[in-house]
Amino acid sequence: MFRYLIRRLLQMVLTFFGATFIVYALMFANQTDPIQALAGERPITDSQRLALTERYHLDEPFLGQYWHYMKGLLTGDFGISLTNRKISEMMADAWPVTIRLALIAIVIVAIVAIVAGVISGIRRGGTFDNVTLVLTLVVLSMPIVVLAPLARLVFGIQLGWFPPTATRDAGFYELLLPALVLGSLVVATELRVTRSAVAENLRSDYVRTARAKGLTRQRVVGVHVLRNSLIPVVTLIGVDLGNLMSGAIVTEGVFNIPGVGFNLFRAIKTEDGPLVVGFVSVLVIVFLMVNLLVDLLYAALDPRIRYE
Amino acid sequence: MSDPQAVTTAESAVGRDKPRSLAGDAWRDLRRNKIFWVAAVLVTVFVVMAIVPAVFGAGDPRDCALSRQHDGPSGNAFFGYDFQGCDVYAKAVYGARNSILVGLLSTLLAGTIGLIMGLTAGYFGGWVDAVLSRGIDVVLGLPFLLAAIVLARRLSSDPSNNGFWAVIVTLGFLGWTTAARVMRSSVIASKNQDYVAAARMLGSGPARLMMKHILPNSTAAFIVVLTILLGTNIATEATLTFLGVGLKGDAISWGIMINEAGPNVRTAAEPLVWPSVFLALTVLAFIMLGDAVRDAFDPKLR
């Protein structure tokens with residue numbers, strides 16, 4: 001376990017610096033006028049120019065700039081938007097509603113994926129299984145830019161079942177439709193992984209032993225098979241988080257939910273470069289941290305991993 | 001000689017029993033797969049739409065008049081007119097070209113990078129593999145869309161272009177990792193085979209070994225990954241365009257149409273619905289195709 005931990009942490013450090021370096025380099029390196037690039041096509045005044053040069057240390061060599069950027073990230077200073085708001089404050093404002101949205105989505109996904117995954121895993125090749133497989137394929141290939149506006153149009157506006165927009169203090173009901181849209185991004189993969197894990201575990205020796213001991217079918221499936229089948233699903237959490245982040249940008253933008261994704265959506269629209277860099281950097285860090293935790297959790301859940 | 005009929009029957013009997021190649025086996029499987037046919041028909045329709053949009057009887061997508069704003073469907077414009085008074089059907093049909101072209105070219109770029117990286121890492125192993133694999137880890141460590149937003153924004157900062165190449169380069173440079181991993185693992189699996197050893201003893205150099213002996217046996221999985229990537233790249237292009245960092249300006253694109261129709265959806269739904277349907281069907285078609293081909297080549301996965 002210890003060796004695994006060390007190796008994984010070293011890998012994490014490398015990925016962390018690599019990823020932030022790429023994001024930073026993409027934003028600033030090799031540009032004739034990085035300040036104009038930050039502001040996009042907006043005109044920029046001399047005083048703004050001076051302030052931006054100072055803020056981003058653009059008069060220093062590139063590695064120096066990167067050093068300042070990293071120092072800011074690690075001390076919680078993510079910079080200031082072009083509209084002169086502190087990015088850390090904007091984030092603090094935006095997180096609660098995004099976290100609520102993501103939690104609702106994850107709970108729905110977990111229920112649907114596990115229930116449907118177990119059923120189709122047990123009855124492999126049956127009607128339910130075949131229908132689910134085709135459905136997951138369709139859901140899997142539905143781009144979020146199609147799903148979010150169409151869901152809002154049909155269920156929010158035409159049928160009027162759900163409110164088409166949400167506020168900062170939105171409750172469960174207001175967030176339900178966007179959460180369903182968001183959840184559809186990850187439900188298909190989770191369902192498929194659960195299904196194949198269940199089908200594989202049903203054939204394993206310990207299940208035969210459990211059956212031979214005379215345990216009921218319910219106990220065999222609900223305890224023995226399910227617990228072992230959920231291990232691979234755990235690893236998906238890390239990958240899913242990336243999908244949920246990308247999905248949140250479009251979903252929150254379409255449904256006007258003032259969360260993290262919406263802020264990023266608006267930052268791109270208004271060409272607020274510092275805001276984009278700040279938000280993206282924080283999200284990348286969150287993504288890397290969660291992936292590290294997931295890997296450690298995976299090693300704790302499945303002892304076979306540690307000895308690899 | 002006396003009975004030519006018998007000879008032909010015997011030959012065809014031999015032909016039936018002849019062991020089929022992997023590709024032949026896969027093709028036999030594919031032909032019986034309904035999903036494959038649905039996907040193939042859809043792909044053909046959209047590819048034809050991208051090459052010769054005129055055959056679909058659409059009008060001029062750039063012929064817009066504000067006087068027709070949000071007019072309903074008619075014989076001239078099957079899906080009605082959008083906010084600018086442009087024919088929605090014509091724009092949707094002509095939008096196929098940008099989507100499929102961006103999808104194809106970015107997949108080609110991602111495939112080339114993935115091929116080179118995977119082949120090099122898998123063939124040479126050792127420290128080369130270690131360095132390249134860590135490189136793959138770093139790119140995979142980035143949340144895809146977030147990195148794509150930053151990269152596309154950076155590449156299309158020059159206002160004179162319409163973002164076409166920026167999107168292709170973005171998707172290509174961020175999307176090669178899966179292809180590289182698949183390539184790497186199948187190269188590792190096949191490089192220790194006897195026929196590769198035999199070729200090496202006969203004096204083949206690394207380049208010849210890779211191109212002639214290892215590569216042909218690693219292509220099936222690789223092509224499947226690329227087909228699915230083509231579908232997801234089309235979806236990501238639309239997402240980037242929708243967010244405003246993809247195709248821009250006067251480009252005709254489904255992402256732009258969806259974005260522009262959004263605010264006016266209460267007065268006119270068609271300008272939002274139809275590009276969405278076209279986009280979803282195209283993405284679905286390529287992903288279904290990839291899925292069906294994978295099932296055919298690797299029945300174990302079913």
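**Figure 1. Domains of chain A.** The C-alpha centres of domain 1 and domain 2 of chain A lie 35 Å apart in this predicted model. The domain assignment places residues 16–74 of chain A in domain 1 and residues 97–301 in domain 2.

**Figure 2. Helices α5 and α10 of chain A.** Helix α5 of chain A spans residues 87–122, and its axis comes within 10 Å of that of α10(A). The two axes cross at roughly 140 degrees, which makes α5(A) oblique to α10(A). The crossing of α5(A) with α10(A) is right-handed. From α5(A), the residues A:T98, A:A102, A:A105, A:V118 and A:I122 take part, and they meet A:V221, A:L226, A:L244 and A:A248 of α10(A). Eight residues of this contact of α5(A) with α10(A) are nonpolar and one is polar, with no charged residues.

**Figure 3. Helices α7 and α10 of chain A.** Between α7(A) and α10(A) the packing angle is about 25 degrees, and the axes are 9 Å apart. An angle under 35 degrees counts as roughly parallel, and α7(A) and α10(A) are therefore roughly parallel to each other. Their crossing is right-handed. On the side of α7(A), the contact is made by A:I144, A:V145, A:A148, A:P149 and A:R152. On the side of α10(A), the contact is made by A:G247, A:V250, A:T251, A:V254 and A:F255. By class, the contact of α7(A) with α10(A) comprises seven nonpolar residues, two polar and one charged.

**Figure 4. Helices α6 and α8 of chain A.** Helix α6 (residues 127–140) and helix α8 (residues 172–202) of chain A have axes 8 Å apart and pack at an angle of about 145 degrees. In this pair, α6(A) passes α8(A) in a left-handed crossing. The contact involves A:T132, A:T136, A:V139 and A:L140 from α6(A), together with A:S184, A:V187, A:A188, A:L191 and A:R192 from α8(A). Five of the residues in this contact of α6(A) with α8(A) are nonpolar, three are polar and one is charged.

**Figure 5. Surroundings of A:L292.** Residue A:L292 belongs to helix α12 of chain A. With 17 other C-beta atoms within 10 Å, A:L292 is partly exposed. A:L9 is 283 residues from A:L292 in sequence, yet their C-alpha atoms are 7.8 Å apart in space. Apart from neighbours within four places in sequence, A:L292 is in contact with A:R8 and A:M12.

**Figure 6. Contact of chain A with chain B.** Chain A and chain B each bring 39 residues to the contact. On the side of chain A that touches chain B, the elements giving two or more residues are α1 (2–28), α6, α7 (144–158), α10 (217–255), α11 (260–269) and α12 (273–301) of chain A. Of these, α1(A) gives the most, with nine residues. The side of chain A that touches chain B has 31 nonpolar residues, six polar and two charged.

**Figure 7. Chain B.** Chain B contains 13 helices and zero strands. Chain B has 302 residues, of which 46% count as buried. Among contacts in chain B with a separation of 6 or more, 71% are between residues 24 or more positions apart.

Methods. Residues numbered from 1 in each chain as written. Chains lettered and ligands numbered in written order. Predicted model: local features only at pLDDT ≥ 70, side-chain atom pairs only at ≥ 80, totals over all residues. Axes fitted to C-alpha atoms, helices over the stretch in contact; angles between N-to-C directions. Helix = DSSP H or I, 4+ residues; strand = E, 2+ residues; numbered from the N terminus. Left-handed = near helix turned anticlockwise from the far one by under 90°. Contact = placed C-beta atoms within 7 Å. Nonpolar A, V, L, I, M, F, W, Y, C, P; charged D, E, K, R; others polar. Buried ≥ 20, exposed ≤ 12 C-beta atoms within 10 Å, placed from the backbone. Parallel < 35°, antiparallel > 145°, perpendicular 65-115°, else oblique. Domains from an automatic or database assignment.
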